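Please look through the model shown here.

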Amino acid sequence: MPVVDVLLSGQLLFAALVTGSLYALVALGLNLVYGTMRVLNVTHGDLVILAAYGALSGWSLAGLSPLLAVPLMAALGGLAGYALYRSVFRRLLAAGSLNAGRLEGNSLLLFFGISIILQNVVAMAFTPNIQGYQYLSDVYQLGNVSMTGNRIAALLIAGLTCIGIAVFLSHSVAGLAMRAVIEKREAAYVVGVNVDRVQSFSFVIGFATAALGGVLISMLEQFSPFSGFPFTIAGFIVIILGGLGNVTAGLVAALLLGVIETYGVALTSANLRSVLLYGAFVATLLLFPRGVFSRSVRH
């Protein structure tokens with residue numbers, strides 16, 4: 001296909017929007033957790049895949065519609081995040097409060113260990129083989145663009161969720177408190193913001209959005225217990241490009257990443273999808289270490 005036809009393809013644009021919206025959803029929780037606590041959650045992609053297996057189990061064992069599993073898995077993810085914060089990370093944050101570098105290092109090691117455990121537990125429970133299922137696979141035609149029902153649903157749910165959380169962060173008291181902690185933690189504490197409550201809420205949102213993203217992704221592609229790390233990398237790319245706590249800029253950055261991946265694969269090969277993703281990660285770190293859309297944030 002000529003390059004011009006690829007660039008003007010409505011089909012590829014739709015695919016890029018779907019991919020970008022899912023990346024935005026996955027990155028959203030990662031952004032809030034790291035922004036409020038400086039905790040490096042490298043397990044985030046594994047949570048996405050764990051929720052995907054939850055949706056697969058509900059569909060294959062009980063005939064539960066993945067769309068009905070969306071709020072269920074999001075609620076379970078939020079509860080898991082709250083429990084993990086209260087049982088482990090509250091103490092870790094208190095111990096590392098005087099040394100941000102030590103806190104990041106400890107959280108990285110802890111989450112890395114959790115990641116390995118999750119991957120192997122899921123592999124033992126579901127086998128390490130690639131799995132998937134078909135749901136809402138009927139094709140709808142809009143002009144020259146073919147759209148499956150599952151991709152339309154994923155785009156709408158992910159996009160509306162991200163927009164809703166962006167509005168929440170910009171216009172609610174709890175959202176403004178969260179943004180205050182992200183931008184200047186000490187000042188937020190001085191003016192009376194309940195930092196502990198903000199941190200626990202960030203964990204709840206982070207885990208809930210990861211679980212929600214996992215259910216949506218399970219409808220679109222096959223997955224294995226070890227396929228979560230690329231979603232973690234995609235989340236970090238979005239954070240670097242958009243900046244900490246800047247959800248609106250994160251949406252733009254995620255859509256940009258979706259365009260890079262979708263059009264890059266179309267112009268090269270599907271086998272280079274991982275190369276494009278990790279290449280974008282390295283290029284982002286080298287060229288935009290403070291983000292393209294980010295504001296100056298001091299702690």
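What share of the 299 residues in the protein is buried? Buried residues make up 49% of them, where buried means under 20% relative accessible area, exposed over 50% and partly exposed in between, with a 1.4 Å probe and protein chains only. This is a predicted model, in which local features need pLDDT of at least 70 and side-chain atom pairs count only at pLDDT 80 or more, while totals for chains, interfaces and linings use all residues. Residues are numbered from 1 along each chain as its sequence is written, and side-chain values use heavy atoms, with hydrogens and water left out.

## Overall make-up

The protein has 12 helices and two strands; these are DSSP runs numbered from the N terminus, with helices being H or I of at least four residues and strands E of at least two. Their order from the N terminus is α-α-α-α-α-β-β-α-α-α-α-α-α-α. The accessible surface comes to about 14300 Å², and 68% of that belongs to carbon and sulfur atoms; such areas come from the Shrake-Rupley method with a 1.4 Å probe. Of the contacts between residues at least 6 apart in sequence, 79% join residues at least 24 apart. Contact here means heavy atoms within 4.5 Å.

Two packed helices are described by the angle between their axes and the distance between the axes. The axes are lines fitted to C-alpha atoms over the stretch in contact, and angles run from 0 to 180 degrees between N-to-C directions.

Helix α10 (residues 229-242) packs against α11 at an angle of about 125°, with the axes 8 Å apart. That makes α10 oblique to α11; angles under 35 degrees count as roughly parallel, over 145 as roughly antiparallel, 65 to 115 as roughly perpendicular and the rest as oblique. The crossing of α10 and α11 is right-handed, a label for a near helix turned clockwise from the far one, whereas left-handed means turned anticlockwise by less than a right angle. In this contact A234, I237, V238, L241 and G242 of α10 meet A249, G250, A253, A254, L256 and L257 of α11. By class, these are nine nonpolar, two polar and no charged residues. Ala, Val, Leu, Ile, Met, Phe, Trp, Tyr, Cys and Pro count as nonpolar, Asp, Glu, Lys and Arg as charged, and the others, Gly among them, as polar.

With helix α12 (residues 273-287), the axis of α10 comes within 10 Å and crosses at roughly 30°. The two are therefore roughly parallel to each other, and their crossing is left-handed. Residues in this contact include F229, P230 and I233 of α10 and L277, Y278 and A280 of α12. The contact of α10 with α12 has 13 nonpolar, one polar and no charged residues.

| Residue | Helix | Relative accessibility |
|---|---|---|
| E261 | α11 (residues 247-267) | 7% |
| I217 | α9 (residues 195-220) | 4% |
| S57 | α3 (residues 44-62) | 18% |

Residues up to four places away in sequence are set aside for E261, which touches T19, Y23, R273, L276 and L277. With its neighbours within four places likewise left aside, I217 is in contact with L22, V26, V48 and F231. I217 and L22 are 195 residues apart in sequence, yet 7.6 Å apart in space, C-alpha to C-alpha. S57 touches A62 and F126, again not counting residues up to four places away. S57 and F126 are 69 residues apart along the chain, and 9.5 Å separates their C-alpha atoms.
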